[in-house]
Structures are given as C-alpha cells and as structure tokens.
Amino acid sequence: MIDVVVLFFLLGVVARLVKSDLRLPEALYETLSIYLLLAIGLKGGIELSRQPIAALAPQVAACVALGFAIPFLLFPVLRALRLGGADAAALAAHYGSVSVVTFAVATAALARAGIPYESHAALWVAVMEAPGLVAGILLARAAARREAAGGVGRGTHWGELARDVLFGKSVLLLLGGLAIGAFAGEAGTEPIRAVFIDPFKGVLALFLLELGLVAGARLKEVRRFGSAVLVVGLAAPPVLALAGAAVGLLLGLSTGGVAILATLAASASYIAAPTAMRIAVPEANAALSITAALGVTFPFNIVVGIPLYIELARRLTA
C-alpha cells in the first residue's frame, strides 16, 4: 500500500495537470522547507548523541566517496546521449548530490513497514550534499578545457561557491540541527519535541503537496528536452541505487540502512545543486537539470523507487 504522504504528492500532480488554482503561499513553502531540514537534523543529532563519533568515520568516508563518484559514473553516459560538456557535468552533479525530501519519505516508508534503520542516517544526508557538486564542477572545468569554447573555460570562484554550498540553507540547517541535537541530546530537546518531532509526517505531507504541484508543472518540459531527460531520470536511479546498496552492505548496515543509502544514491538534488551550478557552471542549461531531477526522478523515486529499494535491501540482507 502506498504511504499516505505519497498520496499528497500525487494530489499535487493531479491538481497541476487539471489546471486547478490550488497554490501554497510562497512563505509557507519556505517555512515548511526550513522546518523539515531542521527536524531531520535534530532527529539525527539526538541519535548521534548516543554513540561515539569515531565509530561513524567509515560511514562518513564511504558516503563522501559515493557522492563524489556518482557524477564521474554518469558523465560519460550523458555525453553519449549527446549532451554538451557543461550540461552533462551539471546534470551529473544534481545526481551526485542528494534529495532531503526523498530521504524523509524513505524513512517514513521504513517506519510504516516496521523496518529499523540507523538512527544517525541524517548524518549521511549532510555529508553527501556537497561532494557530488564538487565533482560536477571539476567535470565541467575539464570539459571546458577540452572544448576550448570562448568564455566557457573561465575559472571558478571557489570561495563564493564554498560559501554557498557549505553555508547555504539546506546544508546549514541540516548540520545546525545535527549539532543542536547532538549537543542537547534527548533530554535537552524534549521541550521542543511537540514542535519538531511529533508533527513531522504531517508537515512532510504538506510539503509533498507543494512538490507535486511543482513536479506536475515540470512534466510538460520533458517533451522539450527529449529522450535524454527520460533516460537519465528513469534509468539512472535504479542503477545508482544498486551502487548505494553495495556500499551499505560493505559497511555492514541494517536492512533499513541499506535501503536508505540506496535511496540517497538514487536521489537527485533540486535545492542545493541548482544554486551551486548557477554559480559555478552558468553556461549549463538549468532547466534541463531541474526537469530531470524534479520532474522525472523525484516522482519516480517517491512512487516506485523507494518501495523497490526497500525490497532490494530486504533481499540483499536476507
């Protein structure tokens, strides 16, 4: 049975397809995104306070390596689909980074199925946000040098980029929530539990309603960009999920942990990545990347992918 939060997403898609006047106020959308990022970080930080940080070092290193490697795996495939160097690098970077909302839906699905997972999994999200973006920028710079196009091979303002990626909204709120939760612990965060922990799934449902509206609007863009968007948006997630699951198995994660790492590897960023690519690779077609990530891959993962990755994890860890 489909999780109830997914039904809210589908409602948003249908509302957009039938041209309903349903809208969420922009201020509410921003508020919900801030809430979800902080809540995910807080929950992970609370669990982080219960275990030694040093024991998590192998997981952190593996997550960083996985996020950095994904763009290098996708880039030659995207070039074979006849995308330009800048477009291929930017799109690969979107898939190297991760989707926090996809992670939230995956954890909700695992909780509903009664499958336990590593309680510090939010740490994996935080450390996988940036490596794929750096890899994508390196690929774009290398492609620009090879193509030798006028104005394309300019230098990257790494300081501005680092500030935007590391201190942008998504990473800052995730890491900030992790730090607060780890410092305060379960007892210290008990007074705010009724705000940040208990209502989480209801807020997630509202946020997915808005994302359904956005994704529904992006569906018409798929035809404009052709088969490349569909191939990447639908075929890449299951393949990348296998890579994430393999890493999870090597780390000795639980069934739920393998499912989450597979989901993160299969997800694509549509918050941090577009901003970073706009700064570092402005010549890339931003609409192409966001259409693939939010218009194709996000709906696929929410409706089909997550149940598939959970079943994959079950079989691999049986």
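Analyst: Leaving aside neighbours within four places in sequence, E210 is in contact with L24 and Y29. The model is a predicted one, and E210 sits in helix α11, which covers residues 200-225. E210 is buried, yet has no salt bridge. The nearest side chain of opposite charge belongs to R16, and the distance is 6.3 Å. A salt bridge would need a side-chain nitrogen of Lys or Arg within 4 Å of a carboxyl oxygen of Asp or Glu.

The loop between α1 (4-17) and α2 (26-48) comes next, and K19 is found there. The phi angle of K19 is near 60°, a positive value in a residue other than glycine. K19 counts as exposed because its relative accessibility is 74%, and the cut-off for exposed is over 50%. E210, by contrast, is buried.

A second residue with positive phi is R82, again not a glycine, with a value near 70°. R82 is placed in the loop between α3 (57-80) and α4 (85-96). With a relative accessibility of 79%, R82 therefore counts as exposed.

Helix α1 also takes part in a nonpolar surface patch, to which α1 and α15 (286-317) each supply at least two residues. The patch is made by V4, L7, F8, L10, V303 and V304, and its area is about 420 Å². The largest share, four residues, comes from α1. F8 is one of the patch residues and lies in α1. The relative accessible area of F8 is 32%, so this residue is classed as partly exposed; the class runs between the 20% limit for buried and the 50% limit for exposed. Patch membership requires over 30% relative accessible area, and F8 has 32%.

On spacing within helices, an α-helix has 3.6 residues a turn, so residues three or four places apart point the same way.

The exposed residues described here are K19 and R82, each with a positive phi, near 60° for K19 and near 70° for R82.

Note on methods:
Residues are numbered from 1 along each chain as its sequence is written. This is a predicted model: local features need pLDDT of at least 70, side-chain atom pairs count only at pLDDT 80 or more; totals for chains, interfaces and linings use all residues. Side-chain values use heavy atoms; hydrogens and water are left out. Buried means under 20% relative accessible area, exposed over 50%, partly exposed in between (1.4 Å probe, protein chains only). Patches are made of residues with over 30% relative accessible area and no salt bridge: like charges are joined within 9 Å, nonpolar side chains (Val, Leu, Ile, Met, Phe, Trp, Tyr) within 5 Å. Accessible areas come from the Shrake-Rupley method with a 1.4 Å probe; for residues, only the protein chains shown count as cover. Lys and Arg count as positive and Asp and Glu as negative; His and the chain ends are not counted. Contact means heavy atoms within 4.5 Å.
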